[in-house]
Amino acid sequence: MALDVQGMAPLLQVFDMSTAIRFYRDVLGFELVATSGGGEQSDWVLLRRAGVELMLNTAYEADARPPTPDATRIACHADVGLFFGCSDLDAAYQHFRNQGLPVNPPEVRDYGMRQLYVTDPDGYVLCFQWPAREETQA
């Protein structure tokens, strides 16, 4: 019997839930679908946009959270990349600039994908991409 997989929802550890929610909801357009019960102050949330799901979980319990993020922990987040299909990268680039995010214009990579990168408040790398050539489209 084949495994019937219906989707995937990565789980990211975040330092400040309300900051993370504002980024994913207000900047990227995700909808807050479910929480562990505290709204923007929840320890866990499920976000959704156009069939893409993402879960966020606080890295610390409220009573154990340090006053500032651990720089070493945040630096390790750069090893995680979330790749989103986005057919209008020029509009995405302008949107991110209008939001005040540091972003470089989209570039075509050697493997045929046109991409632009942003980093979320917790240091996770987000790539928005689309095939630059017909042969890149599978």
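In helix α1, which spans residues 17–27, the buried residues are Met17, Ser18, Ala20, Ile21, Phe23, Tyr24 and Val27, where buried means under 20% relative accessible area, exposed over 50% and partly exposed in between, with a 1.4 Å probe and protein chains only. This is a predicted model, in which local features need pLDDT of at least 70 and side-chain atom pairs count only at pLDDT 80 or more, while totals for chains, interfaces and linings use all residues. Residues are numbered from 1 along each chain as its sequence is written, and side-chain values use heavy atoms, with hydrogens and water left out.

**Overall architecture**

- The chain contains three helices and eight strands, helices being DSSP runs of H or I with at least four residues and strands being runs of E with at least two, numbered from the N terminus.
- Read from the N terminus, the order of the elements is β-α-β-β-β-α-β-α-β-β-β.
- Taken along the principal axes, the box filled by the C-alpha atoms is roughly 50 × 45 × 25 Å, and 33% of the 138 residues of the chain count as buried.
- Of the contacts between residues at least 6 apart in sequence, 49% join residues at least 24 apart, a contact being heavy atoms within 4.5 Å.

**Surface and charge**

- The accessible surface of the chain is about 8,400 Å², and carbon and sulfur atoms hold 51% of that area; the areas come from the Shrake-Rupley method with a 1.4 Å probe, and for residues only the protein chains shown count as cover.
- The chain carries 10 positive and 19 negative charges, whose mean positions are 5 Å apart; Lys and Arg count as positive and Asp and Glu as negative, without His and the chain ends, and each charge is placed at NZ of Lys, CZ of Arg, CG of Asp or CD of Glu.

- Two strands are taken to pair if DSSP finds at least two bridges between them; β5 and β8 (residues 125–131) run parallel and are joined by five bridges, with Gly81 standing opposite Val125 in β8.

**Cysteines**

- The search of the whole structure finds zero disulfides, a disulfide being a pair of cysteine sulfur atoms within 2.5 Å.
- The sulfur of Cys86 has its closest cysteine sulfur in Cys127, at 9.8 Å, which is too far for a bond.
- Cys86 is buried at a relative accessible area of 17%, and Cys127 is likewise buried, with a value of 0%.

**Backbone angles**

- Just after α1, Gly29 adopts a positive phi of about 85°.
- Ala50, although it is not a glycine, has a positive phi of about 50°, whereas most residues other than glycine have a negative phi.
- Ala50 lies in the loop between β3 (44–49) and β4 (52–58), and with 81% relative accessibility Ala50 counts as exposed.

**Surroundings of Tyr93**

- Tyr93 belongs to helix α3, residues 89–98, and is buried with a relative accessible area of 16%.
- Leaving aside residues up to four places away in sequence, Tyr93 touches Val103, Asn104, Pro105, Pro106 and Leu116.
- Tyr93 and Leu116 are 23 residues apart along the chain, and their C-alpha atoms are separated by 7.4 Å.
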